[in-house]
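Q: Please take me through one part of this structure up close. Then connect that part to what lies around it.

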Amino acid sequence: MLKNKNSRGRKILIYAVSILLTLLSIMPFWIMIMNATRSTTEIQQHAISLIPSGYLMKNLAILLGKSFNPAVGFMNSLVISTGATLCAVYFSTLTAYGLVVYEWRLKKIYFSFIMAIMMIPAQVTMIGFYQMCYRLHVTNNILMLILPAIASPAMVFFMRQYMYPSLSLEIVQSARIDGAGEFRIFNTIALPIMKPALATQAIFCFVSNWNNLFTPLVLLTDKKKYTMPIMVSLLRGDIYKTEYGSVYLGLTLTVLPLIIVYLLLSKYIIAGVALGSVKG
Amino acid sequence: MKKKKQFSYAKYGYIFCLPFTIAFLIFSLYPTVYTAVIGFTDLHGLTMTNFHFLTDDPFKNFRDILNNATFLTSLKNTCRIWVSNFIPQILLALLLTAWYSDPRTKLKGQGFFKVMFYMPNIITAASIAILFKALFDYPMSPANDIIQTLGLSSGPVNLLINKTIARGVVAFIQFWMWYGYTTIILISGVLGISTEIFEAAAVDGANRVQTFFLITLPNLKTILLFTLVTSLIGGLNMFDIPKLFLLGGPDNSTLTTSVFIYNQAFSGGYLYNRAAAASMIMFVIISVCAAILFYLLRDRDEAKLQKEIRKQKKLMKGGARYAEK
Amino acid sequence: MTAGNSTDAAHTINLWTFTDEVPKMVQKYIDANPDFGYSVSSTIIATTDGAYQPALDQALAAGGDDAPDMYCAESAFVLKYTQGDAAEYAAPYADLGIDVAKETKDAAIAQYTMDIGTRPSDKQLVGLGYQATGGAFIYRRSIAKDVFGTDDPEKIAAEVGPGWDKFFDAASKLKAKGYGIVSGDGDIWHAVENSSDQGWLVDGKLHIDPKREAFLDYSKKLKDNGYSNDTKDWDDAWFADMKGEGQQPIFGFFGPAWLINYTLAPNCGGEKAGEGTYGDWAVCTSPIGFFWGGTWVLANKDSAKKEAVGKLIDWITLNCTKDGLQYAWANGTMNENGTKDCVASGTVMGMSDGSIDFLGGQNMFDVFVPANQYAKGTNLTQYDESINTIWRDQVREYSAGNKTKEQTLADFKQNVSDNLGIEAE
């Protein structure tokens, strides 16, 4: 494909593939939004429809009529996701900096240790985590969903891999000669260089925290602390009479903020190389 | 990146890594050790109070798991699904990266397309699982409607009871959800490569293919390693989609190891000890595979440099302080 | 965890459940009894994604102020909490100030409900359900008239049963005129499951009761002869058959009263007679007695508010007067849309009228009350949820023709052993 001498033909190919992938990527969102406007019975008859129906207001009424408040859920999700993302991104970069810039005896072991943590399947540390939270009576504490993000091994790994080629020690050395302290160097020089990496990981972290259902579900039992995914799962839980229309509306509302956040942060990824002051 | 230092900044290494260490010790140590330990006990059942260490046969749980037919099936499935998901994914991601990071190609709407590619990753696995199940359902579904309209079959066809199709759909869903993520990671890696290199290559007359294979790819090595390792880990731990799509069916054909472990722990038997043993086995498998990847993608120049330095150190004992590696 | 009012922990009852059904009931009681002196803090965790049970289990195990005082369990997993591993957390109703023997007799509580709610270790009643979910056969009147010449429930009951042989005879008569008798094999499963002599576990080993094993044959018979549309319960196509829009029109469904109210009615394609299949239904005795679903209410043995909880539980499960919950539930004054449902108290059922337009004016309680007697509560285990999932999966493979019977049974035993650690006999 790359050998296609005709630049125009190549461009057309690229556009065609891109448009196809775009349609493929958008399709489920479209279906979800369409379903948010259909009634439960319509959905139970035919799960997929490409055209909207007229039940949006009814579904909204059902959603708001339940015993929980979507606005509260939204705020909770926002607080948790933002908090966790900030913690994860800042401290992972900090840790990666420590691994890249400094030479210390336990460095290799420590890095292997971080990698090892990353490989533990998440499902089974769950049991121990819940046990611990219940025994310590720290359930219903939003901080328990934010602070653990400080230790995010995969993100440390990514930051380290990104830092190696893009952060040169000469810059650090010259800043030291200029009299800057280590932390100052980190905050004012290293961080800006890492901007594309920070933005990329921030998006992923935010999305995964926002969509995380199971951990908050079991830890947060106070209605006032529910996150949005919990509320949507409550809608699905009325086994005898699941209101699918409002479920899809709930799902759409859950996804909307993510799309907005992503659009806000994506310019850091799309923008050209001119962004970071990167040297070889 | 090696530096001779007159005065050691080494302590900062420890300081910078301290928050991570503390957070880990507080939040993850207990669960991790707990899991590691109970793999060697007979702990099971809901009220987890009495348990004994299997002192006469410490590895009993591990042997049980390795002889467990369902576990072996799940291992096979996991590998199959991962391979059919990952290979198309990385190829497509590399292709898109090549196209989109080429400074010589002016593409309109790049930003828009990149945003679109990542979209599938935003949606929850649960919603996708429901949607895809509805798409291929039996006896009524859009897929079945199409099949019957095209005359391929007179009656409805149960697509999802066919194991290959079920596995294929799971692999496709994983591919669809993650190709944008991989592409963006690779593109952000390319953004970290200095433009000067590309300009120099252009001056030297390199064409697109050469530029991609000889410049972009090698400089992407570190990021590629990340992508491969995290994809490996994610793939071998695949849980959400297999569980929510068909619960691991039909007949265990989409059962992955994570779903198997979950079932051991939570499907009524509460066999925590076996679940823990299985997790540890998976951990070993993943570590070995990751180690292989690390070895294959190691920085060869860096390794040569290390050898040089070690030689020099041996020659100069007691001289200026060299950093240890 | 505290309620919005300024009540303290000592006067707050922690209620754990998975829908807002019971919290609404409790709220109604509090509103009607202002001097009750307690408020309720409800924790609702849906059962989808399997999150309710782990959370409830941890909360019970941890104890303390946050532990549940009152909690609910659905029929799919209630055994675990009344007879199985979590049974030790439950308080006997007798400890709550309830005269069990007298009240259950006065209210004529269905036997199966009590069987399920009785703890084997001390033979104490620890849980009761407020609904009665004995099942019947719900059929289309128009199809009945076309094939059998009548839509009278007693006559139809004699055509489709008792017993499976008569059922399949009726199926072939229906097939001859182009109708399927049920939508899929899932429809007859609950009846088959509940009618077996023994459960899945006998002496700690997996036991395949011959009546349940026969389900393999029934399932294949339904599919091979085209007696059904081969749907899976709760899938789109199953709902479509309620409107009569499947491949062939379907004669009937097996289910308790809640199936009529919450599943058939919303999916029949209409809201009054003449629209869709509304009003074209009737209920008759099922060929085999069974029950399906229901919610049991339990109390925590370590609760400090046993008396208050006892009052709530008594009002919900045993009160058989016109003030009790069950009367409101049965006569449609509890829910917004006025649906009438079957309740556990036979006494209340006798006082209530279950006629609904959906059934063309038939009083469904006439059929459902005796149906409760045939339901069995003694052949269940706490592992049923998981074992049934494995079983249905294997049966589907068999009826699709992918496996032989021997292979199916072997794989079933293998899967149960691998996943649950239960060996076959």
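A: **A tryptophan in a loop, and beyond**

C:Trp234 counts as partly exposed, at 32% relative accessibility. Keep in mind that this is a predicted model. Find C:Trp234 in the loop between α10 (210-224) and α11 (236-242) of chain C. Now check its backbone. C:Trp234 has a positive phi of about 75°, yet it is not a glycine. Why point that out? Most residues other than glycine have a negative phi.

B:Leu247 is not a glycine either, and its phi is positive, about 60°. This residue too sits in a loop, here between α11 (240-246) and α12 (257-266) of chain B. Is B:Leu247 buried or exposed? B:Leu247 is exposed, with a relative accessible area of 53%. The cut-off for exposed is over 50%.

Go back to chain C for another backbone feature. Most peptide bonds are trans. The bond between C:Gly161 and C:Pro162 is cis, with omega about -5°. C:Pro162 belongs to the loop between α7 (153-160) and α8 (164-176) of chain C.

Next, leave the loops of chain C and look at a strand. C:Thr295, C:Val297 and C:Ala299 lie on one side. C:Trp296 and C:Leu298 lie on the other. Each of these residues is buried, and both faces of the strand are covered.

Which strands pair with β12(C)? One is β3 (residues 70-74) of chain C, which runs antiparallel to β12(C) and is joined to it by 5 bridges. In this pairing, C:Cys72 stands opposite C:Val297. Another is β6 (residues 127-129) of chain C, also antiparallel, with 3 bridges to β12(C). Here C:Gly127 stands opposite C:Leu298.

Now for the cysteines. How many disulfides are there over all chains? The count is 0. A disulfide needs two cysteine sulfur atoms within 2.5 Å. Take C:Cys342. The closest cysteine sulfur to its own is in C:Cys284, 15 Å away, so the gap is too far for a bond. C:Cys342 is buried, with a relative accessible area of 1%. Then take B:Cys289. Its closest cysteine sulfur is in B:Cys79, at 7.7 Å, which is also too far for a bond. B:Cys289 is partly exposed, with a relative accessible area of 28%.

Next comes the nonpolar interior. In soluble globular proteins, nonpolar side chains tend to be buried together. In this model, the largest nonpolar core holds 335 residues. Which of them touch the most other members? They are A:Tyr97 and C:Phe251. Helix α7 (residues 163-191) of chain B gives the most to this core, with 15 residues. Look closely at A:Tyr97.

Chain B has 14 helices and 0 strands. Its radius of gyration is 25 Å, well over the 20 Å that the globule rule gives for 325 residues, so chain B is more spread out than a compact globule. Its C-alpha trace spans about 75 × 65 × 30 Å along the principal axes. Of its 325 residues, 56% are buried. The accessible surface of chain B is about 14,600 Å², and 65% of that belongs to carbon and sulfur atoms. Consider its contacts between residues at least 6 apart in sequence: 67% of them join residues at least 24 apart.

Chain A also has 14 helices and 0 strands. Buried residues make up 59% of its 280 residues. Its accessible surface is about 11,300 Å², with 69% belonging to carbon and sulfur atoms. Among contacts in chain A with a separation of 6 or more, 72% come from residues 24 or more positions apart.

Definitions and conventions
Residues numbered from 1 in each chain as written. Chains lettered and ligands numbered in written order. Predicted model: local features only at pLDDT ≥ 70, side-chain atom pairs only at ≥ 80, totals over all residues. Heavy atoms only, no water. Buried < 20%, exposed > 50% of the residue type's maximum accessible area, 1.4 Å probe, protein only. Core = buried A, V, L, I, M, F, W, Y, C linked by side-chain atoms within 4.5 Å. Helix = DSSP H or I, 4+ residues; strand = E, 2+ residues; numbered from the N terminus. Rg over C-alpha atoms; globule rule 2.2 N^0.38 Å. Contact = heavy atoms within 4.5 Å. Areas by Shrake-Rupley, 256 points an atom, 1.4 Å probe, with all protein chains shown as cover. Pairing = 2+ DSSP bridges.
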